[in-house]
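Thanks for making time this morning. I would like to walk you through one model, and I will start with a question once it is on the screen.

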Amino acid sequence: MAAKAGAAPRAWQRMLSGRRLDLLDPSPLDVEIADIAHGLARVARWNGQTKGDHAFSVAQHSLLVEQIFRTMHTEASADWLLAALLHDAPEYVIGDMISPFKATLGEDYKSVEKRLHRAIHLRFGLPADTPAKLKAEIKRADCIAAYFEATELAGFAHGEALRFFGRPRGFTVETLNLAPLPARRAQAAYLARFKLIEKLRGRA
């Protein structure tokens, strides 16, 4: 429904939990892991241009990145593991825009993404801004995941993927789960991993 003349456009989204998340000023109190898992499991990576009967979701990508990060950093704290799992969490609201489109939107997109990222981190007791070293290591894991997704699912040639994502040193496709899951299974897997990490955080 269109906004009434002179009224400010609606900038919030209602979640299935009942929360109403304001994109311009997101509150940590309106962030729920159930909404994140539900949304990410229904957002397709690579604009849906992947092989298989199901989309390769951002939820499944997030699990993959956290697995790679955990393998690279066997002594990582549970907080670091959670940061890796949540690295793309803002996309439960704004979707997974491909990099070329993000570049065209510039700072407008980045500012919304950053506000959501900070609210999500605060909701789950993480620093609002990811420390630079941790951010770089999560990005490294992200690029490894992207390389294998690109070559195994999205039709990229290996040489092309190398140019965009770098060489995935220390990993082979056989060690990673790249079979696209139905949304409900991806959602359940994401929630299960979140709960396990939360248990680890409780013991720390």
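Where is Asp129 found? Asp129 sits in the loop between α6 (107-123) and α7 (132-152), where helices (H or I, at least four residues) and strands (E, at least two) are DSSP runs, numbered from the N terminus.

Before I go on, please keep in mind that this is a predicted model, in which local features need pLDDT of at least 70 and side-chain atom pairs count only at pLDDT 80 or more, while totals for chains, interfaces and linings use all residues. Residues are numbered from 1 along each chain as its sequence is written, and side-chain values use heavy atoms, with hydrogens and water left out.

Back to the loop, then. Asp129 counts as partly exposed because its relative accessibility is 41%, given that buried means under 20% relative accessible area, exposed over 50%, and partly exposed in between, with a 1.4 Å probe and protein chains only. Leaving aside its neighbours within four places in sequence, Asp129 is in contact with Lys114 and Arg118, a contact being heavy atoms within 4.5 Å. With the side chain of Arg118, the side chain of Asp129 makes a polar contact at 2.6 Å; that term stands for a pair of N or O atoms within 3.5 Å, where within protein one must be able to donate a hydrogen and the other to accept it, and residues adjacent in sequence count only if both atoms are side-chain atoms. Gln187 is 58 residues away from Asp129 along the chain, and their C-alpha atoms are separated by 26 Å.

Now to the overall picture. The protein has nine helices and two strands, and from the N terminus on the order is β-β-α-α-α-α-α-α-α-α-α. For 204 residues a compact globule would have a radius of gyration near 17 Å, and the protein agrees because its own value is 17 Å; the radius is taken over C-alpha atoms, and the globule rule is 2.2 Å times the number of residues to the power 0.38. Along its principal axes, the C-alpha trace spans about 55 × 40 × 35 Å. Of the 204 residues, 44% count as buried, and among contacts between residues at least 6 apart in sequence, 66% join residues at least 24 apart.

Which residues does Glu66 touch, leaving aside its neighbours within four places in sequence? Glu66 belongs to helix α2 (residues 58-72), and it is buried, since its relative accessible area is 0%. The residues in contact with Glu66 are Leu81, Ala84, Leu85, Arg193 and Ile197. Helix α3 (residues 78-85) is itself mostly covered, with six of its eight residues buried, among them Leu81, Ala84 and Leu85.

In helix α9 (residues 183-203) we find Glu198, which counts as partly exposed because its relative accessibility is 28%. Glu198 and Cys143 lie 55 residues apart in sequence and, C-alpha to C-alpha, 25 Å apart in space.

Finally, a backbone detail that may deserve a look. Trp46 has a positive phi of about 60 degrees although it is not a glycine, and Asn47, also not a glycine, has a positive phi of about 55 degrees.
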